[in-house]
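I opened this entry to keep track of what I looked up, taking the helices one at a time and leaving the question of confidence for the end.

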Amino acid sequence: MGYNEKLNVYSEYLSAINNISFTQREVDVIACIINNRGEKKIATLLKISPRTVSAHVHNIMLKIGTNSREGIIDFIEQTGKSTIIREYYLHLLVRNCINKHLSFIASTLNKNGSYYQLYYQHLENEEKEKLQQIEADLKIANVKLYTNNEEISVPTLIVLNENLSIDFEQKKYTFLLLNNKINIRKYDDQNYLDFSENVNYYNSLFDLLKLLISNPKLEEAISDAKKELSSINASWHLNINQNEQSDSKLKN
């Protein structure tokens, strides 16, 4: 489960449905409705007020010409987008789960906050986006990064780059690999966290938190987060299989 899967699914498949444009928040609401969530539950899941949910539902109904939640469900089923909407909902649940556990870490295990220097050189656009997401997630956990690309101190997070000129023997650093095009063999003697593949993002994020936050209870908190993520993923696959079986019976 990658860090930007929800955005990717929206951009590629759901920003326009039947030539009708929808905002990402409207798709969030549609995905929740398709999965039988009421307005209070949607508000909790999306961290918005029930009144805001009602406003989004109203706008969605206006766009597709219906006056009921059932009409929204019918619209999605008729466009053949049900499966992709359910996949989108999975990524929405994953992101909500991550935010919840990061917030718990901040409020109970890292109340005083942690501060680390960040060092990088000549990032590509994809690397910049990934680094911004890492910084945003760390901030939720009350870990703040400050950038100083002129002087390297300790502790420091360093983004691996082909042209790094660092005395690796003198100090201990934490390295981040954001790009799978980098020749990693030259860093064989160094420990690094691999964020180069989106599918590994959350596991790498948890490993990074273990390095940046010193609390004996952190391991348990991360284990709880991983269990919940695994449960969400397993439940989604079960629902998809059940839906496919139901569709097959209807066709027969």
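I began with what lies over the buried residues of helix 5, and found that the cover includes strand 1 (16–17), strand 2, helix 2, helix 4 and helix 6 (82–109). The model I am reading is a predicted one, and I keep that in mind throughout.

Next I listed the residues concerned: Gly71, Ile72, Phe75, Ile76 and Thr79 are the ones buried in helix 5. They lie on the same side of helix 5, because the arc they cover around the axis is only 135°. On the other side of helix 5 I noted Glu70 and Gln78, both exposed. Past the end of this helix I looked up Gly80, which follows helix 5 and has a positive phi, near 75°.

**Helix 4**

I then turned to helix 4, which runs over residues 50–64, and compared its length with expectation: its 15 residues reach 21 Å from first C-alpha to last, close to the 21 Å expected at 1.5 Å a residue.

Which residues of helix 4 are buried? I found Val53, His56, Val57, Ile60, Met61 and Ile64. Their arc around the axis is only 135°, so they sit on the same side of helix 4. The face turned away from that buried side carries Arg51 and Leu62, which are exposed.

For the packing partners of the buried residues of helix 4, I recorded strand 2 (20–21), helix 2 (24–34), helix 3 (39–46) and helix 5 (69–79). After helix 4 comes Gly65, where I read a positive phi, near 75°.

**Helix 6 against helix 7**

How do the axes of helix 6 and helix 7 cross? I noted that they come within 7 Å and cross at roughly 50°, with helix 7 spanning residues 125–140. Helix 6 is therefore oblique to helix 7. On the helix 6 side the contact is made by Arg95, Asn99, Leu102, Ser103 and Ala106, and on the helix 7 side by Gln133, Asp137 and Ile140.

**Confidence**

The mean pLDDT of the protein is 88, and 89% of its residues reach 70 or more. Over residues 247–252, however, pLDDT stays under 50, and for this stretch I found zero contacts beyond four places in sequence. Where pLDDT is low, predicted coordinates should not be read in detail, and I have left that stretch out of the reading above.

Methods
Residues are numbered from 1 along each chain as its sequence is written. This is a predicted model: local features need pLDDT of at least 70, side-chain atom pairs count only at pLDDT 80 or more; totals for chains, interfaces and linings use all residues. Side-chain values use heavy atoms; hydrogens and water are left out. Helices (H or I, at least four residues) and strands (E, at least two) are DSSP runs, numbered from the N terminus. The expected span of a helix is 1.5 Å times one less than its number of residues. Buried means under 20% relative accessible area, exposed over 50%, partly exposed in between (1.4 Å probe, protein chains only). The arc is that of the directions from the helix axis to the C-beta atoms. Contact means heavy atoms within 4.5 Å. pLDDT is the predictor's confidence in each residue, from 0 to 100. Axes are lines fitted to C-alpha atoms, for helices over the stretch in contact, and angles run from 0 to 180 degrees between N-to-C directions. Angles under 35 degrees count as roughly parallel, over 145 as roughly antiparallel, 65 to 115 as roughly perpendicular and the rest as oblique.
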